[in-house]
Amino acid sequence: MRIGDAAAAAGATPRALRLYEERGLMPPPARTAGGQRDYDGTDVARVRVIRGLLALGLTIEDLRGHAESFDLLVADPSRRCGSASGGPVVRRRIAALDEEIARLTRLRAALARAVEQPLPG
């Protein structure tokens, strides 16, 4: 299927599919005789896995070194992404999220104090 059809089937955009390919999250797809990208059902499933992992808060950079594991998630969607080689990546992302939550909590508290107190000057 063409890139637009594959993107629509995966809930993505053609631009996202090209980005995933450029960043090494997807292997280059087959090409038609006319040179157009030609995706199959496995490619669509892989894009769904990538989108699911990104929706969980992982980044493209987090995923780059683990593209070979996506096929395992395609084959067994119930597989846990924190197992095997993905575990350290997931733990690092959780730590980064915890730091960001702490930073935002401090910022919120400072803003709440500022609202309750008159500004100096």
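Biologist: Gly65, buried or exposed?
Modeller: Gly65 counts as exposed, at 54% relative accessibility. Exposed is over 50% relative accessible area, buried under 20%, and partly exposed in between (1.4 Å probe, protein chains only). This is a predicted model, where local features need pLDDT of at least 70, side-chain atom pairs count only at pLDDT 80 or more, and totals for chains, interfaces and linings use all residues. Residues are numbered from 1 along each chain as its sequence is written, and side-chain values use heavy atoms, with hydrogens and water left out.

Biologist: Where is Gly65 found?
Modeller: Gly65 is in the loop between H4 and H5. Helices (H or I, at least four residues) and strands (E, at least two) are DSSP runs, numbered from the N terminus.

Biologist: What is Val47 in contact with, leaving aside neighbours within four places in sequence?
Modeller: Ala10, Ala12, Leu17, Tyr20 and Met26. Contact here means heavy atoms within 4.5 Å. As for Tyr20, the C-alpha distance to Val47 is 8.3 Å, and the two are 27 residues apart in sequence.

Biologist: Which other residues of H3 are buried?
Modeller: The buried set in H3 is Asp43, Val44, Arg46, Val47, Val49, Ile50 and Leu53.

Biologist: Take H1 and H3. At what angle do the axes cross?
Modeller: Roughly 50°, with the axes of H1 (residues 3-10) and H3 (residues 41-55) coming within 9 Å. Axes are lines fitted to C-alpha atoms, for helices over the stretch in contact, and angles run from 0 to 180 degrees between N-to-C directions. H1 and H3 are therefore oblique to each other. Under 35 degrees counts as roughly parallel, over 145 as roughly antiparallel, 65 to 115 as roughly perpendicular, and the rest as oblique.

Biologist: Which residues make that contact of H1 with H3?
Modeller: H1 contributes Ala6, Ala9 and Ala10, and H3 contributes Val44, Val47, Arg48 and Arg51. By class, five are nonpolar, none is polar and two are charged. Ala, Val, Leu, Ile, Met, Phe, Trp, Tyr, Cys and Pro count as nonpolar, Asp, Glu, Lys and Arg as charged, and the others, Gly among them, as polar.

Biologist: And H1 with H2, what angle there?
Modeller: The H1 and H2 axes cross at roughly 95° and come within 8 Å. That makes H1 roughly perpendicular to H2.

Biologist: Which residues meet between H1 and H2?
Modeller: On H1, Ile3, Gly4, Ala6 and Ala7; on H2, Pro14, Leu17 and Arg18. The contact of H1 with H2 has five nonpolar residues, one polar and one charged.

Biologist: Different topic. Where does Leu72 lie?
Modeller: Leu72 lies in helix H5. At 41% relative accessibility, Leu72 counts as partly exposed.

Biologist: What separates Leu72 from Val49?
Modeller: 10.0 Å between C-alpha atoms, and 23 residues along the chain.
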